[in-house]
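Please examine the sequence and the three-dimensional structure shown below before reading the notes that accompany them. The notes are arranged by topic.

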Amino acid sequence: MFSHLPTPTLDPILSLSVAYRNDPRAEKVDLGIGVYKNSAGETPVMKAISQAQDIVVETQKTKSYVGLAGCEEFNKSMVDLLLTGTSAMDRVAAIQTPGASGALRMLGDLMKVAQPNTTVWISNPSYVNHRPVMEAAGLKVKHYSYFSPETKQVDVARMMDDLSQAGPEDVVLLHGCCHNPTGADIDFDAWKAITELSQKNGFIPFVDIAYQGFGDGLEEDAKGLRHMADNVEEMLITTSCSKNFGLYRERTGAAIVVGKSMQDVNNAKGKLLTLARATYTMPPDHGAALVKTILQNQQLTAVWKQELSEMQQRLLNLRQTLCNELRNSHNTSQFDFIESHKGMFTVLGFSQDQMMQLREEYGIYGVGDGRINIAGLTEKDIPYVAEAIVNVS
Ligand code: LMR
């Protein structure tokens, strides 16, 4: 059964963590996987999560099953966080999923059942797991132009040109904020333009938002998505608590469906539940129980928002410090774009070979597509990393 299987290729992001761990060099820097680190280089449990954990330990009386949709109060909290104030609130349904990748797969499977010929358009480049998950669900995948290697910003004209080819059997996958891998986000005008195009050409928007709060703030980061949800009949959304609640290993996310009517989305939710039953039955509870506990408690919500905003500010400072170091110590403004990017990631514009050189000569681990995780930097690493970037460029 197994002897014809080819040697597996390694995951381009997850394999980096293993290689990094096995690297004996003291000066090594992990800028691979999207995990936030504080100035001590640690990823501590967030304070709000610790407090919620105490409450859950004290109050939880059973480990019996929750249900196919996971925790419904968590689902409602996720919908509130993303869609409050929009007309979509009256025609939305959600299920809890194992992380946002689990949500991507569930919505991929739903599309395959609801509209088997769907083509999913993803940005070029996009999150490394977008294409594999959509293809695993049996869907066709096409790329739309997104990033300009020259300006290191979004090429909106080319993007719109490509998206004008998407029609009623198509779904357009967008990053809600903090584009992964590039760090280059579309502005509000582009959100409006894509919304109009969707209304005109009939494609369904699908927004993957895994970094709400890391860009310009919780509300600001949902602005484009909210405009869209307010103005289109149908929309798909995946969201994650991995980053903004620091719940990475707890696999806490949600799949959200906006439809024409409550009846439509209840039917979609019913289908999602049978798909979940046939895949993992129900999602793990712990992470969702913690998020629910925070979002249902005003004081804990305030602690969480404060902490998230400090993380966001720290990312901005790290971007600024890195650019200053490159400008002041190396006399180059070639990397000024780093400051204009949002969230955890930035694409340096380096080739696979250059990324390998960073890794082999300096022990600096970034993804082969040129992505570095700004949130993996500590202040003390910045002079070393800046020098390496200049030497490799
Ligand atoms: C990343 O892009 O580094 C993260 O989203 C981790 C993952 O699941 O790939």
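The model is a predicted one.

**Strand E2 and its partner E8**

- Strand E2 pairs with strand E8 (residues 253-258) in the antiparallel sense, and six bridges connect the two.
- Within this pairing, Gln 96 stands opposite Ala 254 of E8, while Val 92 has Val 258 of E8 as its bridge partner.
- In a regular strand, side chains alternate between the two faces of the sheet.
- In E2, Val 92, Ala 94 and Gln 96 point one way, whereas Ala 93, Ile 95 and Thr 97 point the other way.
- Strand E2 is mostly covered, for six of its six residues are buried.

**Strand E6 and its partner E5**

- Strands E5 and E6 run parallel and are joined by five bridges.
- Val 171 stands opposite Ile 204 in E6.
- Both faces of strand E6 are covered: Ile 204, Phe 206 and Asp 208 are buried on one side, and Pro 205, Val 207 and Ile 209 are buried on the other.

**Individual residues, buried and exposed**

- Is Asp 109 buried or exposed? Asp 109, which is placed in helix H4, counts as buried because its relative accessibility is 13%, under the cut-off of 20%.
- Apart from neighbours within four places in sequence, Asp 109 is in contact with Ala 137, Leu 275 and Thr 279.
- Leu 348 is located in the loop between strand E9 (345-347) and helix H13 (352-362).
- Leu 348 has a relative accessible area of 3% and is therefore buried.
- Apart from neighbours within four places in sequence, Leu 348 has contacts that include Lys 152, Phe 335, Phe 337 and Ile 389.
- Leu 348 and Asp 369 are 21 residues apart along the chain, and their C-alpha atoms are separated by 9.0 Å.
- Phe 2 lies in the segment before helix H1 (14-21); with a relative accessible area of 59%, Phe 2 is exposed.
- Met 1, Phe 2 and Leu 5 form a nonpolar patch on the surface, and their accessible area together is about 420 Å².

**Salt bridges**

- Side chains of opposite charge can pair when their charged atoms come close.
- Lys 37 and Asp 30 form a salt bridge in which the closest N and O atoms are 3.8 Å apart, and both residues are buried.
- Lys 292 and Glu 73 are joined by a salt bridge between their side chains, with an N to O distance of 3.8 Å.
- This pair links distant parts of the chain, since Lys 292 belongs to helix H10 (residues 286-295) and Glu 73 to helix H3 (residues 72-83), 219 residues apart.
- Lys 292 is partly exposed, with a relative accessible area of 22%, and Glu 73 is likewise partly exposed, with a value of 40%.
- The closest N and O atoms of the salt bridge between Arg 131 and Glu 135 are 2.7 Å apart.
- Both Arg 131 and Glu 135 lie in helix H5 (residues 130-136), where they are four residues apart, about one turn of the helix.
- Arg 131 is partly exposed, at 29% relative accessible area, and Glu 135 is partly exposed, at 40%.

Technical notes:
Residues are numbered from 1 along each chain as its sequence is written. This is a predicted model: local features need pLDDT of at least 70, side-chain atom pairs count only at pLDDT 80 or more; totals for chains, interfaces and linings use all residues. Side-chain values use heavy atoms; hydrogens and water are left out. Two strands pair if DSSP finds at least two bridges between them. Buried means under 20% relative accessible area, exposed over 50%, partly exposed in between (1.4 Å probe, protein chains only). Patches are made of residues with over 30% relative accessible area and no salt bridge: like charges are joined within 9 Å, nonpolar side chains (Val, Leu, Ile, Met, Phe, Trp, Tyr) within 5 Å. Accessible areas come from the Shrake-Rupley method with a 1.4 Å probe; for residues, only the protein chains shown count as cover. A salt bridge is a side-chain nitrogen of Lys or Arg within 4 Å of a carboxyl oxygen of Asp or Glu. Contact means heavy atoms within 4.5 Å.
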